[in-house]
Amino acid sequence: MAQDAAGVPARDLVRDLVMDNCTVARSLEILGEKWTFIVLRDVFMGIRRFDDFIARNGIPRQVLSNRLATLTSRGILRKETYREPGARPRAEYRLTDKGMDVYPILVAMRQWGDRYEADPEGPPLLMLHRDCGAEVSLRLHCADGHELDSPRQVSLRPGPGMHRTRPDGA
């Protein structure tokens, strides 16, 4: 049976993890919807205005309003007011530092999609390093710099915030 570095069976860690303390589940509460990532993808590509999101993707207005409100209230985007000459003030949306930290997730999703969901002729966009022109890819490394090629190279152990049993004793 697989064990982590402390000798705790991996299945016990998973079984005993209280899901309301799971950071993956908490992240999915904010990010786990298709239109959320479409909006974030577009913000990373320079789209910032409500009408531009709609024109680019056909996202329903109410859905877009809800996604922008969530991303703003959760600190991923911030609103900045702008005013076109002769028009009323409007908002555009910019990434916060917390929002910038979503980028590796988006890169991982694009990399997976390019590998498994691209059309036969290839991916619609290439991500290239501005300085050298090489393709950008996401790789996992441990804190000591070792590259990880497989999830089998990762072990689990309790973190400082892990709740091993439910607060009600269950």
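1. Does Thr36 count as buried or exposed? Thr36 counts as buried because its relative accessibility is 4%, where buried means under 20% relative accessible area, exposed over 50% and partly exposed in between, with a 1.4 Å probe and protein chains only. Thr36 is placed in helix H3. Leaving aside residues up to four places away in sequence, Thr36 touches Ile30, Leu31, Arg67 and Leu71; contact means heavy atoms within 4.5 Å.

2. The model is a predicted one, in which local features need pLDDT of at least 70 and side-chain atom pairs count only at pLDDT 80 or more, while totals for chains, interfaces and linings use all residues. Residues are numbered from 1 along each chain as its sequence is written, and side-chain values use heavy atoms, with hydrogens and water left out.

3. The chain has 7 helices and 4 strands; these are DSSP runs numbered from the N terminus, helices being H or I with at least four residues and strands E with at least two. In order from the N terminus, the elements are α-α-α-α-α-β-β-α-α-β-β.

4. Of the 170 residues in the chain, 24% are buried. The chain exposes about 12300 Å², of which carbon and sulfur atoms supply 52%; accessible areas come from the Shrake-Rupley method with a 1.4 Å probe, and for residues only the protein chains shown count as cover. Among contacts between residues at least 6 apart in sequence, 46% join residues at least 24 apart.

5. The largest pocket has a volume of about 830 Å³. A pocket is an open set of points on a 1 Å grid over the protein atoms alone, where a 1.4 Å probe fits, with protein on both sides within 12 Å along at least five of seven lines; lining residues have an atom within 4 Å of a point. Grid points are joined across faces, edges and corners, and the volume is the space filled by probe spheres set on the points. The lining of the largest pocket comprises 27 residues, with Ala108, Gln111, Leu138, Arg139 and Leu140 nearest the centre. Helix H7 (103–116), helix H2 (23–31) and strand E4 (147–148) each supply at least two of the lining residues, and H7 gives the largest share, 8 residues.

6. The second largest pocket has a volume of about 380 Å³. Its lining holds 15 residues, and Arg41, Met109, Arg110, Gly113 and Asp114 lie nearest its centre. Helix H3 (34–44) and H7 each supply at least two residues of this lining, with H7 giving the most, 5 residues.
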